[in-house]
Amino acid sequence: MKAHANQALLALSVVAILVTVSLACGGTSISPSPSSTTLPTHTPTPAIPTPLPGRYGIFVMRLDGSELRQVYSTDLRPAGVRPSADGTQLLLQFHFRDVDGDGQFSDADMSAIEIGMVDIDGTDFRRLTDNDAIDALPLWSPDSTEILFTSNRRDGAKLDLYLMDANGEHPRPLTQTPDIHEGDPDWVGGTIVYTHNAADDEVQSIWTMSSDGTNPRQVTFPPSQGKSGLVFKYGDYDPRLSPDGQQVAFERLVDDEFFFVDRQIGQWDIVVANLDGSGERSLTHEMEAAGFPKWSPDGKTILFLSHRVEDEKPLIALYTIGADGSNRLEVPVPLRNIALLGGEWMPDGDHIVFVAEIYR
């Protein structure tokens, strides 16, 4: 059970590996922009604990790279960002402290992951969770009155889904399933999609449930490929529901042979399927490591993060691709010396918000 728990706690998202190698990359191959040295910044409020070394920024820009502005900066490592339905607030997952003091993000530091919120103009940061458990991967309920997140706060050995009020109060479990880890949730209408990882499962799969936690149902049946050499099981991760709730996009660990910045991260492929599991199709099978798919508000386009090697140089970039796999385009981020940590659509569908480490 302990080995299964350790694997699942790291596998609550592929962030645990891909963020680490992103930071080791030392930046992207994006051309510099004159505006990159004059972006406004907001320093963290005194409510944030003593910051870790490093500098991280949250940026908003149009999909074509114009209208770039930095809306927040912090020395805490953020991973993932979710704008509210009206675009006025950002939900964030932060790594608040280096538990073992080794300067690295590892399984020893997972209990330092907490949830925070900040206004879109970078003001009024507030920490929503504060404990010794993992509180991660927050998202808004469809009506923005609640926050759904992943946590091991019940017994420390397994992950469950939790709800809390939008101000962080009244946390309560949505799932309490012995020997099953639920993680990576998304929520559209009355349906929640999530990852299901049981101790005796050979692979991790995607499931759905009703928004009250009832009617769990398996959606994907990824092929078993034996034991992976990575931290993760083979299978499916980070599901996202289409805006109409009829399809799910996710990334699948295809093999464990791809190395990035001397780290074995494996090959990840973005897959789309109907919510009944039919019509499964690969969108990025020829790419090396593509993950974290996000549907555009109109459901026509998917934003994702790519790790690849080109001319022996490691590159990290955001891409868009049609839901049918057509028209793949790199998103032009007009900043030099950054390591992208992920992006998300803003509600208008014309802008994105992304997180990056900045090398100054």
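Biologist: How many bridges join β4 to strand β5?

Modeller: This is a predicted model, so please read everything here as computed. Between β4 and strand β5 (residues 113-119) there are 7 bridges, and the two run antiparallel. At least two bridges are needed for strands to pair, so β4 and β5 count as paired.

Biologist: What makes β3 and β6 edge strands?

Modeller: The order of the sheet is β3-β4-β5-β6, 4 strands that form an open sheet with antiparallel pairing. β3 and β6 (126-127) each pair on one side only, and they are the edge strands.

Biologist: How do you know that β15 is mostly covered?

Modeller: The count settles that: 7 of the 7 residues of β15 are buried. Take Asp238, which lies in this strand. Its relative accessibility is 11%, and buried means under 20%, so Asp238 counts as buried.

Biologist: Which strand pairs with β15, and in which sense, parallel or antiparallel?

Modeller: Strand β16 (residues 247-255) does, in the antiparallel sense, over 5 bridges. Asp236 has Arg252 in β16 as its bridge partner. The hairpin of β15 and β16 has 5 residues between the strands, and there Gly245 takes a positive phi near 70 degrees.

Biologist: Which residues other than glycine have a positive phi?

Modeller: Asp179 is one of them, with phi near 65 degrees. Asp184 is another, with phi near 50 degrees.

Biologist: Why is Asp179 called partly exposed, while Asp184 is called buried?

Modeller: Asp179 lies in the loop between β10 (172-173) and β11. Its relative accessible area is 42%, which falls between the cut-offs of 20% and 50%, so Asp179 is partly exposed. Asp184 lies in strand β11. With a relative accessible area of 3%, under the 20% limit, Asp184 is buried.

Biologist: Let's turn to the aromatic rings. Why is the pair of Tyr72 and Phe125 called stacked?

Modeller: By the pairing rule there are 7 aromatic pairs. For Tyr72 and Phe125, the ring centres are 6.2 Å apart, within the 6.5 Å limit, and the planes meet at 10 degrees, under the 30 degrees that stacking requires, so the pair is stacked. Tyr72 is in strand β2 (residues 69-74) and Phe125 in the loop between β5 and β6, so to speak distant parts of the chain, 53 residues apart.

Biologist: What makes Phe304 and Tyr319 a stacked pair?

Modeller: Their ring centres are 5.6 Å apart, within 6.5 Å, and their planes are at 15 degrees, under 30, so this pair is stacked as well. Phe304 belongs to strand β22 (residues 301-310) and Tyr319 to strand β23 (residues 313-322), so the pair ties together parts that are 15 residues apart in sequence. Phe304 counts as buried at 1% relative accessibility, and Tyr319 does at 9%.

Biologist: How do you know that the charged end of Arg153 sits over the ring of Tyr162?

Modeller: The charged end of Arg153 is 5.7 Å from the centre of that ring. The distance limit is 6 Å, and Arg153 is listed as sitting over the ring of Tyr162.

How values were computed:
Residues are numbered from 1 along each chain as its sequence is written. This is a predicted model: local features need pLDDT of at least 70, side-chain atom pairs count only at pLDDT 80 or more; totals for chains, interfaces and linings use all residues. Side-chain values use heavy atoms; hydrogens and water are left out. Buried means under 20% relative accessible area, exposed over 50%, partly exposed in between (1.4 Å probe, protein chains only). Rings of Phe, Tyr and Trp (its six-membered ring) pair if their centres lie within 6.5 Å; planes under 30 degrees apart count as stacked, over 60 as edge-to-face and the rest as tilted. A charge sits over a ring if NZ of Lys or CZ of Arg is within 6 Å of the ring centre and within 35 degrees of the ring normal.
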